[in-house]
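Trainee: I'm new to this one and would like a close look at a single part. Could you walk me through it once it's on screen?

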Amino acid sequence: MSQYSCGNQSLSHLDSQGQAQMVDVSGKELSKRQAVAAAQVRMKTTTFNTIQAGNAPKGDVLGTARLAGIMAAKQTSQLIPLCHPLPLHKLEVQIEPDPQLPGYQIQASVTTKAETGVEMEALTAVSVAALTLYDMAKALEKSIAIESIRLLSKTGGKSGDYQISAHC
């Protein structure tokens, strides 16, 4: 497989001419892989209290956002051009209230046994859950902010394990 080089790092999604390509994972062994991603959604206290009380105009904000995150993770390869379709063996999306923001902390954990990782599936899950939370609550507040979408950890694969630094 030909790879485009940038400094000391090889970019596997680019061919020798710098054109985008889907990475060939056919030679890789199946292994258990897990990724955890997070996002936060910040809003006014009045909006947060309305959602917590279950009084949002569109109904169950958190349940709908959680389900949207799960559904989105399963569609990642259709949304991100060079992602491989993967069997997802376990997928959890949690949305926890955070009165200090005020708002919500969203976390997704995705597990598979495949030739490539599930980082993009976890990141897609939290992103779409956050976007759905916004959509469900935008009648209450247009200035809701989606913040800090990030990978917290990943295990498995050739590149090894990753854990976000404590200072991030």
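Trainee: Is the crossing of α2 and α4 left-handed or right-handed?

Mentor: The crossing of α2 and α4 is right-handed. Keep in mind that we're looking at a predicted model. Two packed helices are described by the angle between their axes and the distance between the axes. Here, helix α2 covers residues 61-74 and helix α4 covers residues 119-137; they pack at an angle of about 145°, with axes 7 Å apart.

Now for who touches whom. On the α2 side, the residues in the contact include Val 61, Leu 62, Ala 65, Ala 68, Gly 69 and Ala 72. Across from them, α4 brings in residues including Thr 124, Ala 125, Val 128, Ala 129, Leu 133 and Met 136.

Asp 135 forms a salt bridge with Lys 138, and their closest N and O atoms are 2.8 Å apart. Asp 135 is partly exposed, at 30% relative accessible area, and Lys 138 is partly exposed too, at 31%. Across the whole structure, a search finds four salt bridges.

One last stop is Leu 131, which forms a nonpolar surface patch with Ile 146 and Ile 149, and together they have about 240 Å² of accessible area. Ile 149 sits in strand β6, residues 145-155, and is partly exposed, with a relative accessible area of 41%.

Note on methods
Residues are numbered from 1 along each chain as its sequence is written. This is a predicted model: local features need pLDDT of at least 70, side-chain atom pairs count only at pLDDT 80 or more; totals for chains, interfaces and linings use all residues. Side-chain values use heavy atoms; hydrogens and water are left out. Patches are made of residues with over 30% relative accessible area and no salt bridge: like charges are joined within 9 Å, nonpolar side chains (Val, Leu, Ile, Met, Phe, Trp, Tyr) within 5 Å. Accessible areas come from the Shrake-Rupley method with a 1.4 Å probe; for residues, only the protein chains shown count as cover. A salt bridge is a side-chain nitrogen of Lys or Arg within 4 Å of a carboxyl oxygen of Asp or Glu. Helices (H or I, at least four residues) and strands (E, at least two) are DSSP runs, numbered from the N terminus. Buried means under 20% relative accessible area, exposed over 50%, partly exposed in between (1.4 Å probe, protein chains only). Axes are lines fitted to C-alpha atoms, for helices over the stretch in contact, and angles run from 0 to 180 degrees between N-to-C directions. A crossing is left-handed if the near helix is turned anticlockwise from the far one by less than a right angle, and right-handed if clockwise. Contact means heavy atoms within 4.5 Å.
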